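Keep the view open beside the text as you read.

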Amino acid sequence: MPARLDRIDLKMLRLLQKNGRLSNAELADQVGVSPATCHRRTQALFDDGYLSGVRAMVAPRKVGKGTLVMVGVVLDRSTPESFASFEQAVAKLKCVLDCHLVAGDFDYFLKIRVGDMEDFNRIHGEALIALPGVRQTRTFFVMKEVVDNAVLEF
């Protein structure tokens, strides 16, 4: 961890990670600094890239996206051009929450939220297998989410 962060910065990061809705005054009180100092430090954490955004966590089932699907993707070629082409295209798919280049049996793992199996079947047939360079996909329907979006320990 970079030495630039002191114990106050680290505490601010931990608190904000657990509750992004903390007001500046509440955060300042919890870390023991003035609101002005807290605001300046929080802005510096954003400016320096330690914080990249704040957003609400939406309950997927409440909005009709209760089915979580992991998809392993194998490309037909392992070249920088084929990776770039795939990555550019997959980034445009609204259903893809995460896309990770991985080592092992697959080139990429995709995390996708859909309404149900029928919804996934449609997306698979219309979008996933049409992505550039896709040779094979392997689908894993998540039966139970044991740990999801846990806080980052540091």
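## The middle of the sheet

Strand 1 and strand 3 run antiparallel and are joined by 7 bridges. Strands here are DSSP runs (E, at least two residues), helices are runs of H or I with at least four residues, and both are numbered from the N terminus. Two strands count as paired if DSSP finds at least two bridges between them. To find this pairing on screen, look for M70, which stands opposite K111 in strand 3.

This is a predicted model, in which local features need pLDDT of at least 70 and side-chain atom pairs count only at pLDDT 80 or more, while totals for chains, interfaces and linings use all residues. Residues are numbered from 1 along each chain as its sequence is written, and side-chain values use heavy atoms, with hydrogens and water left out.

## The whole sheet

Strand 1 also pairs with strand 4, again in the antiparallel sense and over 7 bridges; here V73 has T137 in strand 4 as its bridge partner. Strand 2 and strand 3 are antiparallel as well, joined by 5 bridges, and V96 stands opposite I112 in strand 3.

Put together, the 4 strands make an open, antiparallel sheet in the order 2-3-1-4. Strand 2 (96–101) and strand 4 are the edge strands, each pairing on one side only. From one strand to the next, the twist averages 20 degrees.

How many of the 9 residues of strand 1 are buried? The count is 8, so strand 1 is largely enclosed by the rest of the structure. Buried means under 20% relative accessible area, exposed means over 50%, and partly exposed lies in between (1.4 Å probe, protein chains only).

## Helix 4 on the sheet

Helix 4 packs on the sheet and touches strand 1 (67–75), strand 2, strand 3 and strand 4. Contact is taken as heavy atoms within 4.5 Å. The direction of helix 4 makes about 10 degrees with that of strand 3; axes are lines fitted to C-alpha atoms, for helices over the stretch in contact, and angles run from 0 to 180 degrees between N-to-C directions.

Which residues of helix 4 are buried? They are S82, F83, F86 and V90. These residues cover an arc of only 100 degrees around the axis, which puts them on the same side of helix 4; the arc is that of the directions from the helix axis to the C-beta atoms. The buried residues pack against strand 1, strand 2, strand 3 and strand 4, while the face turned away from the buried side carries the exposed residues P80, E81 and Q88.

## Aromatic pairs

Rings of Phe, Tyr and Trp (its six-membered ring) pair if their centres lie within 6.5 Å; planes under 30 degrees apart count as stacked, over 60 as edge-to-face and the rest as tilted. By this rule there are 6 aromatic pairs. One of them is F83 with Y108, an edge-to-face pair at 5.9 Å centre to centre and 80 degrees between the planes. That pair links distant parts of the chain, as F83 in helix 4 (residues 80–90) and Y108 in strand 3 (residues 108–114) are 25 residues apart. Y108 is buried, at 1% relative accessibility, and ring pairs link F83, F86 and Y108 into a cluster.

F109 and F140 have ring centres 6.4 Å apart and planes at 40 degrees, so this pair is tilted. F109 lies in strand 3 and F140 in strand 4 (residues 134–141), 31 residues apart. F109 is partly exposed at 25%, and F140 is partly exposed at 33%.
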